[in-house]
Amino acid sequence: MSTRILEYFNYEQDKSLIHRFDPRTKMLFVIVLTCYTILFRDLVPLMLLFAGVTPLVLLAKFFKKWLRAMITVLPLVLLIIILNALLLKNVPSPTTAGLAMGFRFLILAEVFGIFFQTVSPDELSQMFIKFRFPYSLAWAISTAYRFIPTLTKETAIIVAAQKARGLQIDRGNIFKRLKNMIPLLIPIFASAFRRSWQLAEAIESRGWNAMKKRTFLYSLRLKWWDYLTLLLLFGLFALFLLQVIKQYPLPSWMLWQLPEKYELKSLAIAFWSWLKNLFQK
Amino acid sequence: MIEFRDVYFRYAKKNPDVLKGISFKITDGELVALVGKNGAGKTTLLKHIIGLLKPTKGEVWINNENIIKKPISELAQTVGLAFQNPNHQLFAETVEKELAFGPKNLGMPEEEQERMVQKIAENFNITHLLQKSPLELSGGERRLVSIASVLTMGQKILVLDEPTFGQDYRQKKRLGTYLCDLRNKGITVFIVTHDIDFILDYFPRVIVLVDGQIIADGESKTILQDELLIQQADLEKPILLEIQEKVAKMTNQEYLPATSEVEFIEKFKDILLQAASQEGKK
Amino acid sequence: MTYTPVIELKNVTFKYKNCDKFALENVNFQVAQGDFVLLVGYSGSGKSTLLKTLNGLIPHFYSGLFGGDVKLFGESIAEKKTAQLAKTIGFVFQNPENQLSALTVEREIAFPLENFAIPRQEIRRRVNEIIALLDLEKIQDKSPFAISGGEQQLTAIGSALALDPPILVFDETTSHLSPQSATKIIKKIAELNREQGKTVILSEHRLDRNLQYVTKIAYIESGQLKAFGPPREVLHNKNYPLELYPRITSLYEQLKKVTDNFAILPEKHRKQLLAVPEPLTIDDFLLFIKGGRESV
Ligand SMILES: Nc1ncnc2c1ncn2[C@@H]1O[C@H](COP(=O)(O)OP(=O)(O)O)[C@@H](O)[C@H]1O
Ligand SMILES: Nc1ncnc2c1ncn2[C@@H]1O[C@H](COP(=O)(O)OP(=O)(O)O)[C@@H](O)[C@H]1O
Ligand SMILES: [Mg+2]
Ligand SMILES: [Mg+2]
């Protein structure tokens, strides 16, 4: 399950439409959508938001992965809905509020998913550079990311190598097992250390931070579609602020709630009495 | 004895086969070298011998037993396997402890352990390193210690992945001589290497792996004369052969190469004598 | 005009912290413009340590006892940072996997230029130049983690070349490669030496395929420079071990021994053969055989 979720946030190299947007545009998108998701408490606007964001998942070409991840977290979402529906007090319709909560979770998952699916670690670090973070930090982020597959592969080899020398990892009591980890952990760390040391030597030898200023062969550049989208997003953000300040009432259709008889609680009670009847007969 | 019977292997269901019907047999006391391009599947093949990987189809037999159900810990008593990169296995505080780690895992008595460590250390001329930390050695020294740390386990079958990698001439010679000694004691040695001179000097048999399939298996002297095979295995023509080929071309003589140094010297002695006698006739 | 060596080591000494013996002891030598120096020595003899003193990785990166002076073009580097020296000396290491970090091969080559704040158009021009020089067109947009070891080393060479340093250092750059890729890389390095006049210093185990390019050999043993000079001179130095002879030279020596210094041949012929310089490479050997046939 955890690997599914990790995979869900893993960048996918692709040439989808969404990939072509600047990471800064996508960053603003995440911010604005998060604001709205928190702003709305009612089911209908959240459903509309969900309906609006889902096509972007298709555009970003990761529908399959998304579906898989959604199925994985479905029990969690259901749990959120049920707990809210049964336990919430002081709201006219706890079930509606529970469903709204569920949609909120799904929207946020989609929005962050789209961001991490379509922004490469390198773009991420370039974005940091544009936001005037120190170059070393940006470099460290993207480099660490690139070494993850190497480290995973290396760990597998280390385990194999020590097994071949007769190491039995899952033998004996807990202390023995912990001790058995040493022949694995030391090479893993030593190897990672040696790797970063050698890399440090190599980049130092090629002029790392030789000057205070540096240039870039490539850097992020906003395209016309980015400007257009940013404009739209800023507009939406302004609306959001306006709503936060002025608290305009939402149109009534947006405040729609489940009728009383479809409340989870009433359904449960009805089901319970039906069962009781069944047995009493 | 190592025997592969039509072994197929792939890392994941949707991946292509890495090994495609591998069959060969190595008898006790043989010295065999496995050659092939990077990515040909050599390491994958070696891992099957100690059960780290199991064939997706086919069987691996060690000493007349199908090892499909045998745990690695048991196979490690029979098969010693040293991987390519020493950094993937060195961990102990001292080289001495590193060398004793394998034997200890096998439950070897302590005296026997010590004896093995001393013997191997002497053979590889690393006694002066015994009290050093294996992590602080130079690259070549680490490589040697990692090979030695498998040799101390004293198994009947020894499998080494690229042991000549980054080794200097002296260490290679020590290693080659030691492996030949082992052979004389009935131990089977199976290695992966790119060093063609090392093969010609010490390994009578060679198996050529190309893209997961064995395309040649036989006497090194014969196989390593095949230019196409050499090319396909990403090897380099042995110096001895290259000289003779060029000389043959230069002198318009038939190319009948000598494959050992001794033969080579005899041959060129004759060539010089011939030239002199022709001169004398004139 | 006085002659200034490109590289000059004066009494260079180094002892790693936590290590009881010196890794380098009073090393002195001078390398001239355009030299191709082959650094030879058993593993653990101090080759990497010596090379790392050339751009200050030792002593700046390693704690220990450092003594002596390293001069590049007559200037001591004691006060200089390693990063600053990237313009003077390009360094390529042994392990192909642990020296690359950029997103693509192209950006790896651009990296040193970016560090020196070179304008973008200029970086573009230089990167293209290097890609063409090293035939990297096919892989320029690939990740340096998705290419072969030989290609990785070529990428590292490209990156080291980016700032056009007059000196290039290679620390066992081919020892992780297959023989075919290794030979290709050595040829490239020789080309850089011959055509661009780069001063090259390279440590290697394989002599046979390299000696044809080499102008000087430096032999190091237990941290001491035991011999330095033109190949034939060094091979005849009593400190130089027979084991480290090129295979061809050792074959020749054996042949000489078996024929009792060619005494089995007519005197005139023998003299002629002894006059041919001792072969170090395959071509030398051919010359020698030719000499044997055509003399008299
Ligand atoms: N753990 C792994 N998972 C998936 N594929 C792998 C793994 N290890 C190796 N491979 C693939 O299997 C093939 C053979 O690899 P390997 O046996 O390491 O080759 P060699 O040792 O001959 O260089 C290569 O194409 C490699 O990419
Ligand atoms: N980081 C280090 N710390 C302590 N000792 C080291 C370190 N690196 C190398 N040495 C020691 O210094 C000596 C020379 O090593 P090195 O220069 O790497 O040799 P070479 O490159 O010729 O194989 C060796 O004896 C080695 O054990
Ligand atoms: Mg391999
Ligand atoms: Mg070294």
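This is a predicted model: local features need pLDDT of at least 70, side-chain atom pairs count only at pLDDT 80 or more; totals for chains, interfaces and linings use all residues.

Colleague: How much area do chain C and chain A bury between them?

Modeller: About 3200 Å². Carbon and sulfur atoms make up 52% of that. On the chain C side, C:Phe61, C:Asn98 and C:Arg120 supply 21% of the area buried against chain A, more than any other three residues.

Colleague: How many salt bridges across the interface of chain C and chain A?

Modeller: Four. One of the bridges pairs A:Glu201 with C:Lys52, with the closest N and O atoms 3.4 Å apart. Between chain C and chain A there are also 26 residue pairs in polar contact, counting pairs with both residues at pLDDT 80 or more.

Colleague: Switching to chain A and chain B. How many residues does each give to the contact?

Modeller: Chain A gives 19 residues and chain B gives 21 residues. The buried area is about 1800 Å², 63% of it from carbon and sulfur atoms. In chain A, the residues losing the most area to chain B are A:Ala164, A:Arg165 and A:Arg194, together 41% of what that side buries.

Colleague: What about salt bridges across the interface of chain A and chain B?

Modeller: There is one salt bridge. B:Glu98 pairs with A:Arg165, and the closest N and O atoms are 3.0 Å apart.

Colleague: Which element of chain A gives the most to the side that touches chain B?

Modeller: α7(A), with eight residues. That side has eleven nonpolar, four polar and four charged residues.

Colleague: Now ligand 1. What surrounds it?

Modeller: Residues of chain B, among them B:Val18, B:Lys37, B:Lys42 and B:Thr43. The shell divides into three nonpolar, five polar and two charged residues.

Colleague: Which backbone atoms lie by an oxygen atom of ligand 1?

Modeller: A backbone N or O atom of B:Gly39 lies 2.6 Å from a ligand oxygen. A polar backbone atom of B:Ala40 is 3.2 Å from an oxygen atom of ligand 1.

Colleague: How much of ligand 1 does the protein cover?

Modeller: The protein covers 57% of the 560 Å² of accessible area that ligand 1 has on its own.

Notes: Residues are numbered from 1 along each chain as its sequence is written. Chains are lettered from A and ligands numbered from 1 in the order in which they are written. Side-chain values use heavy atoms; hydrogens and water are left out. Buried area is the accessible area (1.4 Å probe) that two parts lose on being put together, summed over both. A salt bridge is a side-chain nitrogen of Lys or Arg within 4 Å of a carboxyl oxygen of Asp or Glu. A polar contact is a pair of N or O atoms within 3.5 Å; within protein, one must be able to donate a hydrogen and the other to accept it, and residues adjacent in sequence count only if both atoms are side-chain atoms. A residue is near a molecule or strand if one of its heavy atoms lies within 4 Å of it. Accessible areas come from the Shrake-Rupley method with a 1.4 Å probe; for residues, only the protein chains shown count as cover. Ala, Val, Leu, Ile, Met, Phe, Trp, Tyr, Cys and Pro count as nonpolar, Asp, Glu, Lys and Arg as charged, and the others, Gly among them, as polar. Contact means heavy atoms within 4.5 Å. Helices (H or I, at least four residues) and strands (E, at least two) are DSSP runs, numbered from the N terminus.
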